[in-house]
Amino acid sequence: MGKITGFLDYERKNSRTLPPAERLKNFREFHVPLEEEEQERQGARCMDCGVPFCQSGCMLCGMTSGCPLNNLCPEWNDALYHSNWDLAFRRLLKTNAFPEFTGRVCPALCEAACTCGLHGPAVSIRENELSIIEHAFLSGTMKAKPPKVRTGKKIAVIGSGPAGLSAAYWLNQRGHSVTVYERSDRIGGLLMYGIPNMKLDKSMIARRQALLEAEGITFVTGADVGKDGAYAAAKLKQDYDSIVLACGASNPRDIKAPGRESEGIYFAVDYLSRTTKTLLDTGFQDNGGTAAAGKNVVVIGGGDTGNDCVGTVLRQGAKSVVQLEMMPKPPAERTADNSWPEWPRVLKTDYGQEEAASLFGSDPRVYQTTVKEFKADKNGKLKSLVTISLKPQRDEKTGRMNMVPVEGSEKELKAELVLIAAGFLGAQSYVADAFSVKLSPRTTIDANDSDFATSDPKVFACGDVRRGQSLVVWALHEGYAAASSVDKKLMGYTGIE
């Protein structure tokens with residue numbers, strides 16, 4: 001520990017963000033990194049506490065506390081403070097194969113559990129992490145390291161999202177020959193098409209793909225395994241020693257309300273995917289030729305995907321935007337029953353809501369509200385929707401708190417575009433059917449927690465396809481754990497550590 005009083009001597013400083021009026025002009029990332037000296041100083045704020053909850057990844061009250069990857073945060077924070085960027089990089093990569101992704105999109109579970117955050121601002125762990133990996137890329141320290149010995153085993157990974165990439169990385173480093181099959185035209189899964197470019201620039205994925213290919217991993221895009229006859233599951237099971245299913249939880253939860261068939265209602269993931277694909281294919285800039293331009297937009301869902309939709313429609317020139325949230329507005333600070341180091345159930349204002357407030361003068365979120373009816377014009381095009389307020393009410397039989405409609409609270413909102421960001425239900429059944437593996441009651445692929453094995457001894461599953469909709473950091477963890485299990489199955493022991 002180089003600076004024992006660092007958390008007292010230095011204030012937390014984050015990267016500078018461009019003002020909303022400037023960043024809304026394009027789809028580029030809008031964070032300006034700190035100067036190197038200041039970033040090193042931020043590493044000094046790490047307390048080297050006796051029990052570093054930041055790296056625990058344990059479950060408290062049904063929520064994750066600390067990093068599921070068990071990142072060695074105190075170690076690389078200290079190395080950063082001592083200007084030893086190379087050591088910080090090596091300790092970071094020990095547990096996290098893709099810190100350039102988590103450093104951009106992770107909600108920083110580590111910071112929520114940071115001991116320094118108990119009585120003040122937490123250590124800026126996520127930005128320290130991102131600065132370390134980006135420094136490694138810029139300095140040339142981050143380079144391809146193909147395995148020196150191959151085992152002769154062949155493994156197919158179905159899906160190139162964070163879980164698939166993680167599994168492929170670790171299995172390839174072990175010396176197995178890995179081929180990743182992706183049904184889209186580009187790799188990355190939700191990293192590519194589920195997260196907007198201003199949150200994760202897609203050049204970061206291309207940069208990483210080049211490294212993985214140089215290390216020996218083969219990517220096959222446009223391969224819809226289980227649906228496309230050219231990539232039949234039976235043939236893959238014949239050609240490969242093991243199969244890892246990492247194809248995500250891509251069944252979106254729908255809104256069952258009259259008028260749902262009206263033109264102008266889309267699932268958020270489809271809308272975000274089309275926007276990113278258009279951006280990458282044609283390089284559109286600003287507000288030209290886009291779906292939300294000049295429209296009144298309603299986003300249904302208050303999570304990260306809903307926020308991403310808000311930020312995207314604003315860049316496309318939406319006339320107005322409202323974000324509906326079923327649950328009550330969270331408190332501004334932790335309540336007595338939500339103490340540290342639990343995940344804080346507090347109000348979070350993300351970049352999209354911040355931009356909407358700057359543009360229209362108020363937060364776009366409307367709490368305890370849902371859709372009662374969609375209304376269309378004579379041509380079947382959406383023109384408005386009817387909302388209804390909700391109130392919490394405890395079920396006398398189960399004791400559960402449910403949100404129930406408030407009679408007479410209906411309101412009508414203009415809307416020519418509605419984006420449904422209500423989450424996902426589970427895996428698409430055709431993948432499970434193709435590989436003859438069982439589904440769980442939650443419609444995810446039934447693979448156990450201990451070794452990620454399915455009902456077919458040759459097939460494993462990890463990430464959202466197994467655990468349901470979750471965080472990128474959990475997908476990376478599951479990819480690592482599944483890779484270790486596959487390795488043990490093939491070799492009799494695991495060399496992945």
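Reader: What makes β5 and β8 a pair?
Author: Strands pair if DSSP finds at least two bridges between them. β5 (residues 154-158) and β8 (residues 242-245) have four bridges, in the parallel sense. So they count as paired. V157 stands opposite V244 in β8. Strands here are DSSP runs (E, at least two residues), and helices are runs of H or I (at least four), numbered from the N terminus.

This is a predicted model: local features need pLDDT of at least 70, side-chain atom pairs 80 or more, while totals for chains, interfaces and linings use all residues. Residues are numbered from 1 along each chain as its sequence is written, and side-chain values use heavy atoms, without hydrogens and water.

Reader: Why do β7 and β18 stand at the edges?
Author: The open, parallel sheet runs β7-β6-β5-β8-β18. β7 (218-221) and β18 (459-461) each have a single partner strand, so one side of each lacks a neighbour in the sheet.

Reader: Why is S160 called buried?
Author: Buried means under 20% relative accessible area (exposed is over 50%, partly exposed in between; 1.4 Å probe, protein chains only). S160 has 0% relative accessibility, so S160 counts as buried. S160 lies in the loop between β5 and α9.

Reader: What makes the link between the side chains of S160 and E182 a polar contact?
Author: A polar contact is a pair of N or O atoms within 3.5 Å; within protein, one must be able to donate a hydrogen and the other to accept it, and residues adjacent in sequence count only if both atoms are side-chain atoms. The side chains of S160 and E182 meet at 2.6 Å. That is within 3.5 Å, so the pair qualifies.
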